[in-house]
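Q: Please take a close look at the pockets of this protein for me. I'd like to hear what lines them, and then how the surrounding chain is laid out.

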Amino acid sequence: MKGRYKSLAVIALVSLLIFSMAINVYNDNYGEKATGNVTESSINPHVLYTSEPAPMGISAMGIGPGNTPYSLKTSSFEGIINITDIKTYNASLPSGEKNDASIQLNLHLNFSSGGHTYDYWIQNVAILSTSNKTPGVSILDNVWNQTTRYANIYGSTLSGNGTLYNSNGQQFYIDEPSMYITTDSIGLREVYKNISGYPTVYMEYNTGSGWNIYDTVKFIFAKNASNADFIVQGYRYTSKGNPCDAELILGGPGNGASTTDVKSNLTMQLKYWNGHNYQAIENAYNFGSDTAETISNANSQMDKNFPGVQITNGTGKLKMIYNQNELSYLNITAKYIIQGYVLANNYKTNFRNYAMNITLIPGEYNISIYSSYGQRISNFSVKLAAKQTYYKATENVYPVIFKAIGLINGTLWFINMNKLNLSSTDNEIVFYEKNGTYNYNISGLFGYSIKNQTGTITVHGNFNYVNVSFHANPIIRSIEKYAFYYIIALALIAIILMGISGTGRKDSTKMFKEYNINNDDENNNLKR
């Protein structure tokens, strides 16, 4: 499976280079003015695709209401895909791959180093096998240098788990972990961080059990780089002649291939990190522009429940599907709440650092705010209109941080305080309470004694700390830690003893049979 998809992915990415060159010819001959719809300071989102087949999904092109250009900079984007049904087909694909497709999160990373500004096009890709109702998924990533038209990536450019490939003298980077998962829920995320002065991108995926980092791409030539961000901007094209967009798209599996949407029902959301939470993009098109993999008969429309798209099979029209003037915004300040989540009806948003800004579809919402431990902090209802920003500050509650000392990480422990039970497998549990005095009780754990198992804490604003000391009984902890080995050892001893016992019983049975045989002979003799 890995070899098959890696070969396909390499061919696919080579095709992107060829496609990009074709785009350059187009722009060299015609340029921006040929469109008649843009100025020197704005792009045309339809410059590469005007109809299907196209990369269909959701994208931020840097163009807002009234074709007004804008720019967006962020340290991370994520794409969330939920699949109810999907089946694609292309008879011209190789055997075993005719029902394959791809979902791609494609971003531009810009940074400055040594007096130069660099542009790297980074793709996080899920290859889908749609033969069954629930698709099989494999993951890969790749990086292209788009700083100049024919720029390369070298071994001295970056480090990661992947490999460099060469196409017509131009090199790019690709990595594909050895994995294949059957799932109908897919998350793709790219996160920029400065690690020891080097621009670094974490490539992540989520198939329903949490986020996993499968590749870490570090730009090793750019020590002490500055102004590093993923960027969307509608003022000008990239050096390749492409829009500088952020896109989450559905297309063919590779080799620049197109496919056809035979039957589908899936949703896509594209979100950016705003410093507190991942927020849905506010100006969205239903297609991408930077990749050669395309699809036909995919109808991408605005979802009715959240700012995103729903894709079903049917003729699709390439267009802007919503803009910032058609949405509502929820801006909440939750002072002292370190991290938690918000439920707007059933729409969940995780947040951190005391605030959140959420993009919503106009309508009526029941809003509940929870800590990351599941404690409800606030609840209210609101009706939101288009273009409205609703501001809300929660009532002040203050963190009471219980820190476990001496507890093995991963051990589940419990605390009851103010009629609320919270638990964790980490070494901290956090309650949020108003000013006052509260009693707490920590549940006993097998193999541990707890020095301050019960107590009283007075909350007086700001952060409040309680250290909880766990003391392990060495004998009991040893039994618990090595229970598996003890069980195996006891089982082996039991087997040996049973063998010995079985041998003894066998001898006795033999003697018993011999005695009966002799006895029968005597009886027979008597009868004679």
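A: The protein has 3 helices and 37 strands, where helices (H or I, at least four residues) and strands (E, at least two) are DSSP runs numbered from the N terminus. Keep in mind that this is a predicted model: local features need pLDDT of at least 70, and side-chain atom pairs count only at pLDDT 80 or more, while totals for chains, interfaces and linings use all residues. Residues are numbered from 1 along each chain as its sequence is written, and side-chain values use heavy atoms, with hydrogens and water left out.

Of the 528 residues, 51% are buried; buried means under 20% relative accessible area, exposed over 50%, and partly exposed in between (1.4 Å probe, protein chains only). Counting contacts with a separation of 6 or more, 68% join residues 24 or more positions apart, a contact being heavy atoms within 4.5 Å.

Now the pockets. Rolling a probe the size of a water molecule over the atoms shows where empty space is left. Here that is done on a 1 Å grid over the protein atoms alone: a cavity is a set of points where a 1.4 Å probe fits but cannot get out, and a pocket is an open set with protein on both sides within 12 Å along at least five of seven lines; lining residues have an atom within 4 Å of a point. Grid points are joined across faces, edges and corners, and a volume is the space filled by probe spheres set on the points.

The largest pocket holds about 870 Å³ of space. It has 32 lining residues, and E78, R189, W211, Y278 and N350 are the closest to its centre. At least two lining residues come from each of β3 (76-89), β10 (185-195), β11 (198-206), β16 (258-273), β24 (339-344) and β25 (347-352). The largest share is that of β10, with 7 residues. By type, the lining splits into 11 nonpolar, 14 polar and 7 charged residues.

In the loop between β10 and β11 you'll find S196. S196 is exposed, because its relative accessible area is 56%. S196 also has a positive phi of about 55° although it is not a glycine. Most residues other than glycine have a negative phi, and most peptide bonds are trans.

The second largest pocket has about 310 Å³ of space. Its lining counts 18 residues, with N110, T117, Y118, D119 and R236 nearest the centre. Two or more of the lining residues come from each of β4 (100-113), β5 (116-129) and β13 (226-237), and β13 gives the most, 6 residues. This lining divides into 5 nonpolar, 9 polar and 4 charged residues.

A few residues around these elements are worth a click. S112 sits in strand β4 and is buried, as its relative accessible area is 19%. Leaving aside neighbours within four places in sequence, S112 is in contact with T117, A225, S226 and N227. That N227 belongs to strand β13, and N227 is exposed, with a relative accessible area of 60%. N227 has a positive phi of about 55°, although it is not a glycine.

Then there's T147, in the loop between β6 (136-145) and β7 (163-167). With a relative accessible area of 24%, T147 is partly exposed. Its contacts, leaving aside neighbours within four places in sequence, are T117, Y118, D119 and S239. D119 is 28 residues from T147 along the chain, yet their C-alpha atoms are separated by 4.6 Å.

One is a cis peptide bond joining E52 and P53, with omega about 0°; P53 is in the loop between α1 (2-30) and β1 (56-60). The other is the antiparallel pair of β27 (residues 363-371) and β28 (residues 376-384), joined over 8 bridges; strands pair if DSSP finds at least two bridges between them. Y370 stands opposite R376 in β28. In this hairpin, with 4 residues between the strands, G374 takes a positive phi near 90°.

Key
Ala, Val, Leu, Ile, Met, Phe, Trp, Tyr, Cys and Pro count as nonpolar, Asp, Glu, Lys and Arg as charged, and the others, Gly among them, as polar.
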